[in-house]
Every structure is written in structure tokens, then in C-alpha cells.
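Here is a short report on helix packing. Look at the model first, then read on.

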Amino acid sequence: MAATPRSDRRAQILGVAVEMLQTASFEDLAIDRVAAAAGVSQPLLFHYFKNKAGFQHAVLEASATAVIEALVPGGDAPAPGQLRDGVEAFVDVVIAHPTMYRAVMRLAASGDEDMRRIYRGTRMAFTDRILETLGGLGVAPTPALSAAVTGWQAFVEEVTLSWVDSAGVDDSGMTTDAMTRDELLDLCERAFYQLLFAANAETLAAAADPAAG
């Protein structure tokens, strides 16, 4: 039987780790558990990733890639609809994969420049999507607009993760969080347009009505 190519085995191990990260925190992602789930020995795992730090770096990079892929725009909706779709996609990635997203956010606080670059790349993938959509609405790109969109992402991250943490279920099966998912989306979308106004008031009129609708 032919041996599994190195790149395929490495990808398989990372796939297992990222999947486990859906339900386990990054701190609880033990190497022995990942190795067992992937059907490899710990020495073989280290053969592919050299050491624990190399493995953690690769897992975070794979997680960032998964987040970016989830934010790839789909469909041919008009630009105003794409804005709402973008908000929904970003929020839903955080809602569906909070532990994975928290792992990606670890990159921002890391002293490793490569990790910071990966995190910035994750952010910029979404920033570029929003700026491209705004361009379709006639909103000219400016440094202030780019900064506003990037800052808005930080707001969405914090608000959504707080919403996920506070969500619960009472005895009747109803969630006990203060907002519904739609209310959360509306809050994030309204915050976006307020920042758009602050960054580029002259072109706000071209985008405000679709947001209000």
C-alpha cells in the first residue's frame, strides 16, 4: 500500500485539530488528543510540525483560513443586499464557531509577527469585501473609511462573542439572551452605517436607504 503523502497527512492532522476546535478551547486542544483522533503517534505529529509551538501556529493559521473561506461572498445580490449579507456572514461565523474564532483572535495578541500577519490577513479579507461592496454603491475608498470598517469588525467581534456567552436556554426551551439573532444583526448593521457616516458623510446618502430598509 502506498504511503500517505506528507502534505496530505499534515493536512489531515490540521483538519482534525480545526474540527476539534469547534467545541474545545485552544487551551484544551491537547496534542495527544489530536494525535489520537488523527490516528497518528505523537512523535509522528511532531515530525510534521517540529514542536508544540509549530503545531499551534499551524492550527491557528488553518483556523484563520477556515474563517476567511466562510466569508467568501456568494450569489449575485445587488450591492445594498451584499452589505447585509456581509454583516450576516461575519456574525454567523462568530456565532457558529466561537471557539475557533477566539483562537484566531489570539493572533492579535501574539508577539509572533507571522501570527500577527495571519490575523491581519483575516481581518483584511473581510475589510476588502466590504470596501468593494461600498465601491459598488459609489462610496469612494479613503483611509478613514478603511479604518472605520476595521474598527467596526472589532465591535462586531466583541458584541457577538458576548452575545454567544450570554445566550442560554430556560426551562421552556426559550433562549434567555437579551437579543435575538436578527436584533444582533440589526445592531451590527446600524453601527456600520453610523461609522460610515463618521468616515464619509458626503456619500452616506447613497447607502443609507438600503440599510434602513
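## H2 against H3

Helix H2 (residues 31-38) packs on helix H3 (residues 42-49) at an angle of about 100°. Their axes lie 9 Å apart. Angles of 65 to 115 degrees count as roughly perpendicular, so H2 and H3 are roughly perpendicular to each other.

H2 contributes Ile 31, Asp 32, Val 34 and Ala 35 to the contact. H3 contributes Gln 42, Leu 45 and Phe 46. By class, the residues of the H2 contact with H3 are five nonpolar, one polar and one charged. The model is predicted.

## Helix H8

Helix H8 covers residues 143-166, 24 residues in total. From first C-alpha to last, H8 reaches 35 Å. That is close to the 34 Å expected at 1.5 Å a residue.

Which residues of H8 are buried? They are Leu 145, Ala 148, Val 149, Trp 152, Gln 153, Val 156, Glu 157, Val 159, Thr 160, Leu 161 and Trp 163.

## H8 against H9

The axes of H8 and helix H9 (residues 181-199) come within 9 Å and cross at roughly 160°. Angles over 145 degrees count as roughly antiparallel, so H8 and H9 are roughly antiparallel to each other. The crossing of H8 past H9 is right-handed.

On the H8 side, the contact involves Ala 144, Leu 145, Ala 148, Val 149, Trp 152, Phe 155, Val 156, Val 159, Thr 160 and Trp 163. On the H9 side are Arg 181, Leu 184, Leu 187, Cys 188, Ala 191, Phe 192, Leu 195, Leu 196 and Ala 199. The residues of the H8 contact with H9 split into 17 nonpolar, one polar and one charged.

How values were computed:
Residues are numbered from 1 along each chain as its sequence is written. This is a predicted model: local features need pLDDT of at least 70, side-chain atom pairs count only at pLDDT 80 or more; totals for chains, interfaces and linings use all residues. Side-chain values use heavy atoms; hydrogens and water are left out. Helices (H or I, at least four residues) and strands (E, at least two) are DSSP runs, numbered from the N terminus. The expected span of a helix is 1.5 Å times one less than its number of residues. Buried means under 20% relative accessible area, exposed over 50%, partly exposed in between (1.4 Å probe, protein chains only). Axes are lines fitted to C-alpha atoms, for helices over the stretch in contact, and angles run from 0 to 180 degrees between N-to-C directions. Angles under 35 degrees count as roughly parallel, over 145 as roughly antiparallel, 65 to 115 as roughly perpendicular and the rest as oblique. A crossing is left-handed if the near helix is turned anticlockwise from the far one by less than a right angle, and right-handed if clockwise. Contact means heavy atoms within 4.5 Å. Ala, Val, Leu, Ile, Met, Phe, Trp, Tyr, Cys and Pro count as nonpolar, Asp, Glu, Lys and Arg as charged, and the others, Gly among them, as polar.
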